[in-house]
Amino acid sequence: MASFLVLTLIISSGCEKIVAIDPPLGQVTTSLVFASDKLATAARSGMFSSLAQTTTQNQSVTNFSSLQADDLLYLATTAALQEFNNNTYNAISTSQASIFGDWYANIYRANAIIEGLQNTGGTSEAIRKQYIAEAKFIRAYCYFHLVNTFGDVPLVLMTDPAVTAFLPRAATAAVYTQMIADLTDAKANLGVAYGNTAATDRTGLNKSVAAALLARVYMFTGNYAAAESNASEVISSSLYSLIPRAAMAAGVFAKDNAECIWEMSPPTVATNQYTFEAGIFIPTAYTALINFNYRLDPRFTALFASTDLRRINWMNSTTFSGVVYTIPFKYKYRTNALAVTAGASESQIVIRLAEMYLIRAEARVRTGNNLSGALSDLNAVQTRAAAALSTATDAPALLSDIALENRKEFFCEQAYRWYNLKRTGEADAVLGALKSSYTPKSKLLPIPQTAIDANYNLTQNPGY
Amino acid sequence: MYKFYPNNLGRPFRPIRQILLIMRITTFLLLAAMMQVSASTLAQQITINRKNANLTEVFKTIRLQTGYDFVYDQDLIAKASLVNINVNKAELNDVLKNCLSNQSLTYTIQNKTVIIQEKGFLDKVKGLFANITVNGTVLDENGEPLPGVSIKVKGTTRYTMSSNGGRFYIATTDENPVLVISYLGYKTIEITGIATMTIKMVPDPAKLDEVQVIGYGTTTRRLNTGSQAGISAKELEKQPVTNVLQALAARLPGVTITQTNGLPGAGINVQIRGANGIGVSGIKPNRPLYIIDGVPFLSESINTATFSLNTTSNTGLPSAEGSTSPMNSINPSDIENIEVLKDADATAIYGSRGGNGVILITTKRGKAGKTKFTLNATTGVSEVSHFVDMVGTEQYLALRRKAFANNTTNPAAPSVTTAPDLLVWDQNGFTDFQRYFLGSTAKTNDINSSVSGGDNLTNFYLSGTYHKEGNVFPGNQGYQRGGGKFNLNHTSIDQRFNLALTAMYSTDKNNIATTDLASWAYLLPPNFPLYKADGTLNWDGFTSNPLGYLNQSNDNRTSNLLTNLALKYNLLKGLDIKTSLGYSKTDMTQIATRPLSSLNPSLTSGATSGTASYVYNFTNNYIVEPQITYTNKIWKGTLSALAGGSYQYKKSRMPYSTAASVFTSDDFLNTVTAASTVSTTSGSVDYKYASLFSRVNYNLMDKYILNVNFRRDGSSRFGPNNKYGNFGSAGAAWIFSEEKALKDKFSWFSFGKLRGSYGIVGSDETDNYAYLDTYTNSTYVYSGSTGLNPSRLPNPDYKWEETKKLDIGLDLAFFKDRLSLSGSYYRNRTSNQLITLNTSTQTGFSGYVANLPATVQNSGWELSLSSTNIKNKDFSWTSSFNISQNHNKLLSFPEIEKSSYFATYVVGNPISSYYLYQYAGISPTTNLPSFTDFNGSGTISSGFAATGRGDRYYAGTAYPKFFGGLTNAVTYKNLSLDFTFQFVKQKGRSLLSSSNYPPGWFSNAAASVVNDYLALGSQDYLVTAGTRGAAGSASYSAYLNYTGSDASLTDASFIRMKNVSLSYTLPAKWLGKTSGQSIRVYAQGQNLFTITKYEGFDPESQGIATPPLRTITGGLQFTF
């Protein structure tokens, strides 16, 4: 009776508490997360490790883009990969949905950290400054891939779905403007050293990483002077140097190497020492062709001199029935067990110094101010690879040599070749000649139909 | 005059009782003296027959016949009431008693003079003890003694029960006691008791006045204003089912029971009056609320209790059939009754959880009477009743060769890796994989025993069960269940306090393979060698060898404790307070091991061992439900009111879900400590629920009944902005057969009731925590720090799904209730659809929980008929029939074109619809199947034709057009036969839709699928072995489109002999003199045969799955 009366009183007064529950085990309310340095750090860790774990970052950005361009061929039967190989993806293909979703999921995490730190007090000033800068960098990094994959995309800068769910696509230029603002801000607020526990750990961010991405973004937006100055900043930093020839085989893609500007944190747990990229390119055994899912396009491998260290160290070949099959071999350990046995440790390298030399070389040619400087930057990369040195002196020849070097240096690495083909406007000519199924529309992936279905403000890319 | 009732409910308080007690002793002594006086006045013979006579006239007659004089006060006699008297050669004392029994008068006789006086106090007390005793025998309709019949003196609490010989003895203070004699299944009789009597009970086929369990109370079928259907133990025990839900199929109108496959412990989908909610990919469980003895029972699978409800792919470790129905752990023979509540009137008392209907399960309880033991043992066998004819080796290989020959644009000669069936395997090899993998006979053994007894005040029921069931797969897999149940009821001597305690415990073990082997049995090429020459498993070309699954172990154990204590106290006349306290704990331990030998070696190169998973889940559930009930006569009717509260706390935990690999060897798979790689996750879900509910029922002269329910619910599933919701209903019934114009006017018409109700009921079938803005622990580590990630897009605003239910019903009975008919029309509209709203992933997530502005309507009618066709001493035949029809449609969805649901639903069509390509014959240009290009795009695409986005048109619905059942029960003397047919009229998808590869592919299919397809055109085009090249690719995609076309739509209607039960009760005389003993032998069959045009495994489960099994059992039941 008494309990009845109590219950009556509680319920009729609409007291929230009677049916209030604690968050489930392993969950913390957002307001609590950003009220302390410790939990805010955990949220930051979540942002970085999640980026490293998304399939789009740790696989697709490399293998899909390399298939779309002219580096790589796909040998097996998975329909989605065949579509990338032939540039025949369409509106109802499924891969672009995960690419689109992965980048935006990472953007959400960055936005949530920015909002959380701005709206909640309790963290130290230094932490707040650094983490907001890092989140802005991650946001810019994701948008860079988004615009280069889809063209115009919704510019989402907050977490509230009531606002963000129905945003239309923003012009690519506007997205680049936001990237530049975010990266400039990040560069200003990040430290010189990487903000990680271990000083040598290059999975975090510093001013140079922001400058490096800025250099790339300015390159893509045609602001060559700014691209040059940012690339110079990085090159002149004492933190980085090109890995010498002798160490090139295992050095350029080793974790925390001197050439690395930014790398992904290793997959799954801190002790893992291999990359997913190696897992997809390297066959389980070289004994049967059936184990090979990919090969480098022989027309591409033919571009290398046999003495080129990149041909020797970054590719691996096997012959079946008189045909040489070459695979990308930048990363060498397809499982953690193999890496551990070899005593090696590899991380997915996202930005490295060689790119800064090539960006600066191209920027110097495009601004027309320093052609000799451009040549010496180009030669720096060639020298390291033991390749024939360019001797070009006029701008067109230099640009052509730089582009070729770019292709050779960065084959099957992130999306370099694919994005550069599109940036320079060569994609239609180059790929149109190579692939019968290539059409100009395939420079952009279609916006996922599921996204358009859920957001009536989204439009489809032309031709889909 | 007023009476003292010794055991009256409105018992005086203690001091007064003591006074009465003293007086009784005194009176007894006085009475003894007075008896002497009376004895001398006998032997006067009087015959008199008068109606409405005044006393003076009666006295005159007596005086004439006996010569006795009368002395009385004229005024006193004038006040006396008129009497009816009809005696023949009676004694004076009896006649006088008769005349004065209801008067405030008494008499004394002195010397042939009768003195009439006003009754004094003493006389009134004396009246109390002028007991008469009734000795009687109760017989059933066949004249056999009927034990256990309740006999009550009307207006008192005096009560007894007939013994095994049907005899009873009851003492009463009333001279003309009215006895109320009742027994379940028989009409309640009111009869004036005489010293020795024989009462013959009349069966009550319509069961109109049987107690019917409703939410938080009881009523009768006669007086119920709501729509509900039930099944009792008598019908349940005839069906050899493992899960009691299976026994509901075909018996209850408006209730669809679909078994997903035939494996023991298989999932069972229960839908009451259609699917109300839109869910993920159109499938929401729409689960009803299960209440066992007042305690809400789990409706979600035990192994997914801590997972999200709104995702189709749970990461939980699968058990037998992917998920485990908690209802499996309930022993069907412990169930007394199941009631399915359907309309608003019946379900609104469950407020926010009654939207999908409520299933009330009442378990068996103690009964007063002789201690009764029953032992029931059953054994039986089950098997797959129907296999599919497959393409044989010869034809299969011919098609394969043809396929490679066809592959002209990209010549691909068969190689050892692409075509081992042609180049490696025995060209004459053949295995009938269906019979190999599904052809075993599963044995079932079941033992149930129970003992019950006690008296009217304290009684108990105790039962134990053991059930063992094999599987049709090869090997020794099976399902075992053991358990016990205890029920204790106690009532205080003054009948004011009442206690009922129920505890049920069961534990089961299921080690059935988690993969239904049917799909592998279907697609393996007929010459696939299961073993290599060296005796190891063959994996050529297939990622799975079904024997691999059989080499894996799945140990799933659940235990389930369910307790409930109900306390009731009578505070004042008509006013009771009650509290129900419930506790349940359900848990499940799962260990799955995958030895290396069971895994495809090409996927495990270098591995030293297999893998193992260990999961433990439990759910604790606490509920407290205080209630007050009040019943009183108000004006010409009876008012019953109920007010109550409910507080529930459900705590689900998954302490660990561990995946382990890299063991030293397979010998250590059961020990997690032997694994080098271990990853563990855990989970938790809390759920709190608080409610206030009330019901007011007013019954005017059993003719007009009004019933109003209200409930206010609060649930932890909802965000701060919408935690509470109000629900309610109003229902009314008009029993027009009670109207003067009809009552007892027509001998053939016995009962008529018109009822209707309307109300708003809810559903909180959604995710827990979906409003919470939180970060979740991530398993990933970054720079030495474990991460936190945003858990979801929180939405603090979503609220209850709301179903507005309208129900109109007519219940009729004819020929003294021998034929009864019940019909209902209903219309349920469900709005505020609670769903994970898909968003563009630009939001960071694919969706969030929200209410959709859509309204889904389910409308339909139900008809049930039951009749006693023949009933005489030795032979009886009863039939019952039910049929239901439900129309489901998406009634409205404002701005659907702006939502992602534009691609999934079409307003006006059922939620679950078949959108298919329209097959348009073989194209003369491509020689491949072609399809209607509805949107004129020049290609065939998967969007809806109705919205102009593609070429799939609405070809029908997956929901049945109508369904029902027919049950007949025939009894001849001790022999009884029951049989039930189930019928469903529906469209379904043929095996074509599950046969994913065209003829010529490295995969087998049903002969009907392949031959029908080949008959369409030329094998030069239709047969393909790959997608290489334009021709192969075109042929492959044409086939895929064909499987998704209306060619795969077929009539999946069926009539199934669902259940047959034949039983024989050994004649009592064979067992010796002791009556009450009985031995019954019986044989039962389930799913004996199916009449259907459907060319697949089974029209109910459809697709490629082990079909529901045919089960035949035999058993013995002892009762003593």
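Mentor: A residue is called buried when its relative accessible area is under 20%, exposed when it is over 50%, and partly exposed in between, using a 1.4 Å probe and protein chains only. This is a predicted model, in which local features need pLDDT of at least 70 and side-chain atom pairs count only at pLDDT 80 or more, while totals for chains, interfaces and linings use all residues. Residues are numbered from 1 along each chain as its sequence is written, chains are lettered from A and ligands numbered from 1 in the order in which they are written, and side-chain values use heavy atoms, with hydrogens and water left out.

Over all chains, the structure holds 70 aromatic pairs. The rings of A:Phe300 and A:Phe411 are one of these pairs; their centres are 5.6 Å apart and their planes stand at 55°, so the pair is tilted. The rule behind that word takes the rings of Phe, Tyr and Trp (its six-membered ring) as paired if their centres lie within 6.5 Å; planes under 30 degrees apart count as stacked, over 60 as edge-to-face and the rest as tilted. The pair joins distant parts of the chain: A:Phe300 is in helix H14 (residues 298–301) of chain A, and A:Phe411 is 111 residues away, in the loop between helix H19 (395–409) and helix H20 (416–423) of chain A. Helices here are DSSP runs of H or I with at least four residues, strands are runs of E with at least two, and both are numbered from the N terminus. Both A:Phe300 and A:Phe411 are buried.

The pair in chain B has another geometry. The ring centres of B:Phe736 and B:Phe749 are 6.2 Å apart and the planes are at 10°, so this pair is stacked. B:Phe736 belongs to the loop between strand S33 (724–734) and strand S34 (749–763) of chain B, while B:Phe749 is in strand S34 of chain B, 13 residues apart. B:Phe736 is buried because its relative accessible area is 15%, and B:Phe749 counts as buried at 11% relative accessibility. Both rings are part of one aromatic cluster, formed by B:Trp734, B:Phe736, B:Phe746, B:Trp748, B:Phe749, B:Phe814 and B:Phe815.

Next, two loop residues of chain B. B:Ala348 lies in the loop between helix H7 (344–347) and strand S21 (358–363) of chain B, and it counts as buried at 0% relative accessibility. Contact means heavy atoms within 4.5 Å. Not counting residues up to four places away in sequence, B:Ala348 touches B:Asn709, B:Arg711, B:Gly728, B:Ser729 and B:Val761.

B:Leu991 is in the loop between strand S49 (987–989) and helix H13 (1007–1014) of chain B, and is buried, with a relative accessible area of 1%. Leaving aside neighbours within four places in sequence, its contacts include B:Val388, B:Tyr522, B:Val1009, B:Phe1097 and B:Ile1104. B:Leu991 and B:Ile1104 are 113 residues apart in sequence, yet 7.2 Å apart from C-alpha to C-alpha.

Backbone angles come next. Most residues other than glycine have a negative phi. B:Arg273 has a positive phi, near 55°; this residue is in the loop between strand S17 (268–272) and strand S18 (289–292) of chain B and counts as buried at 2% relative accessibility. B:Asn927, not a glycine either, has a positive phi of about 60°. It is found in the loop between strand S44 (919–922) and strand S45 (929–931) of chain B and is partly exposed, with a relative accessible area of 24%.

Of its contacts between residues at least 6 apart in sequence, 69% join residues at least 24 apart.
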